[in-house]
Amino acid sequence: MGARLSLAQARRIALNAQGLAQARPTQPATARAVGRTFAKLQLVQIDSVNVLSRSHFLPFFSRLGDYDRSILSTLAGAAPRKMMEYWAHEASYIRPDHFHDLRLWQSRRWAGSSSLDPQLRDSLEEKILALLAHSRPLTARQVKDRIGHEEEKNRDDWGWNWSAVKRTLEGLFELGVVSAASRNDQFERRYALVDAVLPAALRAGPARVLPARALPARVLPPMAESPERSGAMDRLIEAAAQAHGIGTVRCFADYFRLPAREAARSVDQLVAAGVLEPVTVAGWDDATFLHTAARVPRRAQGRALLSPFDSLVFERRRLERLFGFHYRLEIYTPEAKRKFGYYVLPFLLGETMAARVDLKADRGTGRLLVRGSYAEPDAPAETAAELAGELALMARWLGLGDVVVLPHGNLAAALAKETSRL
């Protein structure tokens, strides 16, 4: 039997592993601090919803407070890159050293070109790769114009009604042949050959044009394990365990969206190697594992508004088990059926998920709107005051003026009163 831990200890381990246990610096964070935070998290999910801020900016604000968002563009766009885009939990910024491992286990084929006519797809791939081999990074629209591809749009067609060129680019992105060198102001990917994006030490070889017939197979990898795939899985599961501090096989597998059976084998390997330790947590029935480098702080004293796509809240069962906090994203729920709102952020105070707020950046009027605010049953007495301070900090970071609290939710009156004092 491994060590026995209380629920409070497990909670503090998890918060510390995610960089949320300590009080944040009072001065704007440096590029080095942002880079260290990203290295700790291993990945940051990307989402296009911009009602408050692009979601990949928020985890750094949660952990560091005020920082210059252009730092992320530098980390993702300037050599040597510290972060790059690929499929991980979902579309994510990942550490470049995880790219080849993730590529061996990447199994998404729904967003790309797999359903295109094979002749059209092969023709477009050849033209696209030839173009990208000798051009600066380009958006899908620029690629389409450069190769002169014309087509009629079908309003009833697949997905987001992407063009065949966009779908082909996304298929090549999924296969790890092309990558995103950067994003433009409209949040469109600028595509480049992957060797132009990877740091030199991680490149497979000189950038070259791959003919369509030489592209990686468009079938899922065989389930039979190879040493290369097994090693990749072990490295990814260890990275996920570091980012969790403590968790189950399900938690670790979900971080990079890896298959559970193979993840369980890796957990066994890491236990045998002394990297993970089986532990028991009061009130938990599932087999639980502690990364041996994880620390148990005496207390957690962070304060943070968390993005709906924050890595601490990825795995909803774990979130509820750790904090007793039931959380669901209601973006896709019809408005009349929403319980808390469209873009709801949990509010972490110390070791408690104390509240949740539905936020909107009203850029036209320069206001941060709190469209709903709700305290949890065990919210500390200082929740309204602390949340008001956090909202004021967020408004300044976003370049907004007033924080306006609308009268929706059981915390609204107290929060409005505290906000008026700032």
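Which residue of strand 8 does R4 stand opposite? In the predicted model described here, local features require a pLDDT of at least 70 and side-chain atom pairs count only at pLDDT 80 or more, whereas totals for chains, interfaces and linings use all residues. Residues are numbered from 1 along each chain as its sequence is written, and side-chain values use heavy atoms, with hydrogens and water left out.

The residue opposite R4 is T280 in strand 8. Strand 1 and strand 8 (residues 276-281) run parallel and are joined by 2 bridges. Strands, here and below, are DSSP runs of E with at least two residues, and helices are DSSP runs of H or I with at least four residues, both numbered from the N terminus. Two strands are taken to pair if DSSP finds at least two bridges between them.

The bridge partner of L369 in strand 14 is V404.

Strand 3 and strand 4 form a hairpin with 3 residues between them. The two strands run antiparallel, with 4 bridges joining strand 3 to strand 4 (residues 91-94), and M84 has I94 of strand 4 as its bridge partner. In a regular strand the side chains alternate between the two faces of the sheet. In strand 3 (residues 84-87), M84 and Y86 point one way and E85 and W87 the other way, and all are buried; buried denotes under 20% relative accessible area, exposed over 50%, and partly exposed in between (1.4 Å probe, protein chains only).

Helix 6 takes part in two helix contacts, a contact being defined by heavy atoms within 4.5 Å. With helix 7 (residues 140-147), helix 6 (residues 118-132) packs at an angle of about 100 degrees, the axes lying 10 Å apart. The two helices are therefore roughly perpendicular to each other; by angle, pairs under 35 degrees count as roughly parallel, over 145 as roughly antiparallel, 65 to 115 as roughly perpendicular, and the rest as oblique. Helix 6 contributes L124, K127, I128, L131 and L132 to this contact, and helix 7 contributes V143, R146 and I147. By class, 6 of these residues are nonpolar, none polar and 2 charged, where Ala, Val, Leu, Ile, Met, Phe, Trp, Tyr, Cys and Pro count as nonpolar, Asp, Glu, Lys and Arg as charged, and the others, Gly among them, as polar.

The axes of helix 6 and helix 8 (residues 164-174) come within 10 Å and cross at roughly 75 degrees, which makes this pair roughly perpendicular as well. L120, R121, L124, E125, I128, L129 and L132 of helix 6 meet A164, V165, T168, L169 and L172 of helix 8. This contact comprises 9 nonpolar, 1 polar and 2 charged residues.

The structure holds 23 salt bridges, each defined by a side-chain nitrogen of Lys or Arg within 4 Å of a carboxyl oxygen of Asp or Glu. One of them joins E351 to R12, with the closest N and O atoms 3.6 Å apart. This pair links distant parts of the chain, 339 residues apart: E351 lies in the loop between strand 11 (344-349) and strand 12 (352-362), and R12 in helix 1 (residues 7-17). Both E351 and R12 are buried. D254 and R257 form a salt bridge at 3.1 Å, N to O; D254 is buried, at 17% relative accessible area, and R257 is partly exposed, at 34%. R367 and D362 likewise form a salt bridge, at 3.6 Å, N to O. R367 is partly exposed at 30% relative accessibility, while D362 is buried at 17%. A network of salt bridges links E85, K166, E170, R183 and R189.

Technical notes: Axes fitted to C-alpha atoms, helices over the stretch in contact; angles between N-to-C directions.
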